[in-house]
Amino acid sequence: MVKISGIQVKNLVKSFQKGTVQACKNVNLDIAEGELMVLLGPSGCGKTTTLRCIAGLESPDNDDAIWIKGRNVTRLPPKDRNLAFVFQDITLFPHLNVRKNISFGLDMRKTCSKEEIDRRVQEAARLLHLEELLDRKPNQLSGGQAQRVALGRAIVMEPDAFLMDEPLANLDAALRIEMRTEIKRIQRKLLTSTIFVTHDQEEALTLGDTIAVMKDGVVQQVGTPYQIYHQPANIFVGTFIGAPPINLFPCSIQSRGTEMIAISDLFYLPIPEAIAKNLSLGSQNLTLGIRPEFVTIGPKLENSFLARVTLIEPLGSRTLIFLEAKGREIRSVVQGEAPVAEGEAVHVTFQMERVFFFDSTGKRI
Ligand SMILES: Nc1ncnc2c1ncn2[C@@H]1O[C@H](COP(=O)(O)OP(=O)(O)OP(=O)(O)O)[C@@H](O)[C@H]1O
Ligand SMILES: [Mg+2]
């Protein structure tokens with residue numbers, strides 16, 4: 001499939017306070033037409049600044065940083081970019097009813113006929129299940145309904161892209177999950193390019209066609225949810241994504257005959273050929289990473305080691321088991337109920353084909 005370019009961010013640099021604060025350091029993103037990209041990262045990593053530069057609400061340091069449909073828009077005002085922004089704080093006009101709040105942007109723009117505006121408002125209201133509420137005022141709406149109205153206002157503009165900055169952050173947990181499904185469903189239907197900012201890794205995994213993970217103004221990795229979860233570029237991405245978090249153990253690599261072995265005080269593990277071919281013998285200061293679902297508890301095997309169960313946490317359909325061996329904590333997740341009890345001594349095995357190795361700088365090998 002040919003990827004048609006929707007929004008491109010090229011080497012974006014944005015600094016504040018005379019260059020003393022660099023919010024974006026050479027950010028590169030490529031959002032295809034119709035794609036939903038999630039921008040994920042911890043607080044202060046530059047997500048909002050990146051989005052505001054795309055929207056035209058901030059001016060990048062460099063002149064050719066923001067491209068929409070192949071056109072350099074870096075120095076164009078927001079109104080000439082045809083993008084719709086949805087913020088975390090919902091700003092509805094209290095004196096206008098839902099219908100007027102949704103049509104507000106179109107009414108201001110004065111380029112659509114009244115019939116066209118009515119048609120678009122009806123269509124958006126249908127999509128967002130707001131038809132019954134069109135004559136209500138904002139103070140007669142729940143938080144979720146108000147956020148739907150804010151989305152409706154963006155949808156009727158028929159923009160080239162939606163830019164959403166943590167739009168669900170103020171909603172309670174149940175409503176967040178319901179609305180995120182709703183947003184994905186609507187985006188699939190409209191196929192409008194979308195950038196969705198969040199610091200919630202679960203929201204990112206469930207929503208994104210692609211995820212861009214940021215840290216300290218730098219994009220760490222761009223990939224599908226599968227790639228970000230199963231092929232993290234570095235320790236930061238590996239730990240930021242995944243709950244319960246990945247297990248990490250310092251180790252070194254030695255040989256045994258033709259085999260390579262990962263060694264630590266905890267384990268002595270032959271490495272499968274496919275992984276070993278990327279490693280070099282004698283490497284020190286490596287980190288072995290394994291996600292909890294690939295740590296199995298069961299019979300004694302050649303490469304298993306002994307550990308004690310310290311705590312069991314039911315997660316509903318799965319159970320998280322905390323183990324301890326040689327002073328180190330190990331997390332294992334099993335489907336269904338725990339097959340063991342707290343205090344029990346058990347045999348732990350790593351599914352070696354699911355193991356990652358990170359070098360001393362944290363980069364995945
Ligand atoms: N107008 C400004 N003046 C000075 N520094 C700023 C300004 N706007 C943002 N920054 C700084 O730039 C960095 C990135 O901020 P940004 O708001 O983009 O982070 P974020 O990833 O959106 O964080 P959060 O998840 O908390 O919303 C921060 O260190 C912030 O303090
Ligand atoms: Mg922000």
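Helices (H or I, at least four residues) and strands (E, at least two) are DSSP runs, numbered from the N terminus. On that basis, α1 supplies the largest share of the shell around ligand 1, namely three residues. The model is predicted: local features need pLDDT of at least 70, side-chain atom pairs count only at pLDDT 80 or more, and totals for chains, interfaces and linings use all residues. Residues are numbered from 1 along each chain as its sequence is written, while chains are lettered from A and ligands numbered from 1 in the order in which they are written.

**Overall architecture**

- The protein has nine helices and 20 strands, and its C-alpha trace spans about 80 × 45 × 40 Å along the principal axes.
- Domain 1 covers residues 5-240 and domain 2 covers residues 248-358, with bounds that come from an automatic or database domain assignment.
- The centres of the two domains, taken over C-alpha atoms, are 40 Å apart.
- Of the 365 residues, 36% are buried; a residue is buried if 20 or more other C-beta atoms lie within 10 Å of its own, exposed if 12 or fewer, and partly exposed in between, with C-beta atoms placed from the backbone.
- Among contacts with a separation of 6 or more, 65% join residues 24 or more positions apart; two residues are in contact if their C-beta atoms, placed from the backbone, lie within 7 Å.

**The shell around ligand 1**

- The shell holds 13 residues, of which Phe 16, Ala 23, Ser 43, Thr 48 and Thr 49 come nearest. The elements that give two or more residues to this shell are β2 (21-32) and α1.
- A residue is near a molecule or strand if its C-beta atom, placed from the backbone, lies within 6 Å of it.
- By class, four residues of the shell are nonpolar, eight polar and one charged. Ala, Val, Leu, Ile, Met, Phe, Trp, Tyr, Cys and Pro count as nonpolar, Asp, Glu, Lys and Arg as charged, and the others, Gly among them, as polar.

**Helix α1**

- Helix α1 (residues 47-55) is largely enclosed by the rest of the structure, because seven of its nine residues are buried.
- Those buried residues are Lys 47, Thr 49, Thr 50, Leu 51, Arg 52, Cys 53 and Ile 54.
- α1 lies across β1, β2 and β4 (66-68) and runs at about 120 degrees to β1; axes are lines fitted to C-alpha atoms, for helices over the stretch in contact, and angles run from 0 to 180 degrees between N-to-C directions.

**The four-stranded sheet**

- Four strands form an open sheet in the order β2-β1-β4-β5, with antiparallel pairing. β2 and β5 (71-72) are at the edges with a single partner strand each, so one side of each is left without a neighbour in the sheet.
- Two strands pair if DSSP finds at least two bridges between them; β1 (residues 5-16) and β2 pair over nine bridges in the antiparallel sense.
- In β2, Cys 24 is the bridge partner of Lys 14, and Lys 25 is that of Val 13.
- Four residues separate the strands in the hairpin of β1 and β2, where Gln 17 takes a positive phi near 50 degrees.

**Backbone details**

- Asn 11, in strand β1, has a positive phi near 45 degrees and is partly exposed, with 14 C-beta neighbours inside 10 Å.
- Lys 326, in the loop between β17 (318-325) and β18 (328-335), has a positive phi near 50 degrees and is exposed, with 11 C-beta neighbours inside 10 Å.
- Ala 243 and Pro 244 are joined by a cis peptide bond with omega about -5 degrees; Pro 244 lies in the loop between α8 (235-240) and β11 (247-256).
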